[in-house]
Amino acid sequence: MPSFPITVLRVACSLAEDDRFGLWLADQERYQYAACRLDQIASLVVPKVARVILLEAEVGLEGLADIKARWPDAALVILIEPQHEPEMPTWLAQGANDYLLKPHLSPLRLSHTVQQLAAQAEVQTLAATLPETQQALQEAVQRQGRLLTLLRLSSEHISLMDPQGRVLWHNRQPQAVPEPTPGVSNGPLTLADCYPPDTVKTLQTEGIPTALREGLWMGENWLFDSEQNIIPVSQLIIAHRSASGEVEYLSSVMRDISDLKAAEKALQTINHELERQVESRTVESERARKAAEAANQAKSLFLVNMGHELRTPLNAILGFSQMIAAEPSLTPRQIEEVSIINRSGEHLLTLINEIIDLSKLEVGRTPFNPAPFNLHYLLDGLVDRLQCKAEAKGLSFILHQDPALPTSLVADEAKLRQVLLNLVSHAIKLTQAGGIKLRVALRQNQLLCEVEDTGSGIDPADLDQLFEPFSQIGQSQVTREGTGLGLPICQQLVRLMGGELWVNSKPGVGSIFAFSLPVGFVSDEPLPSSTGYRRVVGLAPGQKTHRMLVVEDNWTNRSLLQNLLEPLGFQLQLAANGQDAVAIWANWHPHLVWMDLRMP
């Protein structure tokens with residue numbers, strides 16, 4: 001408010017609870033009586049009046065307009081001398097609400113004026129807000145009606161409860177509870193009026209206490225349907241609190257989950273049936289697997305047992321062909337024909353041995369026999385054996401040995417030789433130009449061997465079936481020779497020795513077959529090497545006659561052994577069975593008995 005050269009009395013009140021009716025006097029001495037009567041005036045003023053301003057008439061109409069603009073909601077009362085009372089209509093026309101005469105202002109008159117102005121302001125405020133209030137009230141009633149309609153039509157069971165669990169309102173009247181009598185207050189319902197006993201127990205012991213404590217509870221419960229059947233429901237209870245934090249009421253929503261429970265039960269039935277079928281089929285599959293394994297074992301055992309029967313005639317073929325090839329009277333054509341017989345027999349023996357070796361591996365009849373051996377001799381013998389085969393195809397065969405490679409190791413020498421022999425032979429078979437390299441090194445107690453060729457390589461699509469028994473990769477006639485058992489046998493032998501075999505190949509470039517296996521070590525002194533294979537021509541001169549008993553049920557093998565051993569200087573006796581052998585041994589006392597391991 002601007003500074004005026006007059007005295008202004010301002011009276012104001014507020015709606016805030018901690019505010020008191022306020023009276024400010026610009027001239028405390030002149031209006032001392034008004035200050036003394038403050039409590040009396042305040043008790044008569046309607047508290048919704050924003051402010052009342054008392055103005056001296058000396059403020060003028062201009063000051064009145066300025067104050068009116070600054071406080072448009074204030075009630076303005078003009079203080080005038082009695083002689084100026086005829087001027088009041090002009091003041092009232094310019095915005096003044098009332099006037100009081102000086103100098104003897106009655107406190108009662110002042111309080112009545114303020115009360116009257118407050119009442120006018122109250123009436124004006126109510127008149128201004130009444131349409132809006134009526135409309136808002138009408139809309140609230142409509143909204144409440146729509147809400148109640150929706151709640152009653154809802155498929156969920158909705159209710160309101162007090163903190164003690166008494167039902168204040170619910171959208172579905174239970175059939176067990178009579179409709180309320182008009183004009184009679186029946187009071188709130190109990191939980192037992194609306195819910196089955198099990199539900200009441202759950203609400204009293206779990207639902208309501210949890211909602212009061214944590215503000216929310218969710219769970220499954222039971223409820224009466226429209227035909228008084230008990231149905232499963234999911235329930236949600238929410239605690240509603242006042243501004244002070246006290247729980248005013250609880251709201252509950254329950255949804256029928258009968259279909260869900262029925263679906264769960266059906267699903268459980270289906271799951272049980274599926275589990276039963278799976279279990280049954282698992283048993284059948286296990287039975288079939290065991291039957292297949294038994295059949296495979298029987299097949300493998302049959303092949304293992306047939307090894308003797310297969311090798312017996314083949315040994316005779318190879319033995320007699322070698323004996324015939326040593327005859328000096330043979331013509332060149334006869335020598336070539338006998339060589340063809342011998343090579344074919346050796347090839348057939350190789351195929352039989354591969355099949356029997358794989359069968360032994362499958363039935364676990366292949367023992368692992370690590371022992372000290374001369375590694376350098378093994379490698380040299382391998383080169384001597386395969387060099388001619390490589391050179392016959394115009395290929396080179398080179399052995400690269402790590403300089404740090406020890407002479408003596410502990411491993412299964414026979415199986416290591418067989419793996420290297422198969423891998424190098426396989427490389428020679430697949431290579432048409434270039435050569436084969438065999439690299440051998442020792443890396444952290446692991447023997448590392450690599451066989452690299454310059455063949456046509458292996459298509460990536462064939463790598464998965466490379467080590468499958470009887471699988472022959474490629475389409476050329478060359479790659480389809482043999483049984484397709486060499487690589488599977490190599491893989492299983494390497495695994496039997498505790499190692500692993502792998503292959504890297506690029507079509508058109510070549511392949512590298514490599515394996516590593518753990519080995520042991522012996523003293524630094526190398527083991528003696530064998531003197532190699534030499535042809536036996538007879539017993540050394542000056543020896544006494546050696547008696548040898550040959551026990552063999554197969555006539556062909558007996559004849560072969562007789563033809564091999566008699567020219568060497570042995571004195572022989574032949575027996576076809578164990579009983580004859582025992583009789584000959586008792587009467588003849590041989591120095592050596594050559595006996596077949598399997599006889600009737």
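## Contacts of S516

Contact here means heavy atoms within 4.5 Å. The model is predicted. By that contact rule, S516 touches Q446, L447, L448, V494, G499, E500 and W502. That list leaves out residues up to four places away in sequence.

S516 sits in strand β17, which covers residues 510–518. Is S516 buried or exposed? S516 has a relative accessible area of 17%. Buried means under 20%, so S516 counts as buried.

M218 belongs to strand β8, residues 216–224. The relative accessibility of M218 is 63%. Exposed means over 50%, so M218 counts as exposed.

## A three-stranded open sheet

Strands of a sheet pair through backbone hydrogen bonds, either parallel or antiparallel. Which order do the strands take in the open sheet of three? The order is β11-β13-β18, and the pairing is antiparallel. The edge strands are β11 (371–374) and β18 (520–521). Each edge strand pairs on one side only.

β11 meets β13 (residues 408–411) over four bridges, in the antiparallel sense. Within this pairing, P372 stands opposite V410 of β13.

## The helix across the sheet

Helix α10 spans residues 375–392. Which strands does helix α10 lie across? They are β11 and β13. Helix α10 runs at about 55 degrees to β11.

Definitions and conventions:
Residues numbered from 1 in each chain as written. Predicted model: local features only at pLDDT ≥ 70, side-chain atom pairs only at ≥ 80, totals over all residues. Heavy atoms only, no water. Helix = DSSP H or I, 4+ residues; strand = E, 2+ residues; numbered from the N terminus. Buried < 20%, exposed > 50% of the residue type's maximum accessible area, 1.4 Å probe, protein only. Pairing = 2+ DSSP bridges. Axes fitted to C-alpha atoms, helices over the stretch in contact; angles between N-to-C directions.
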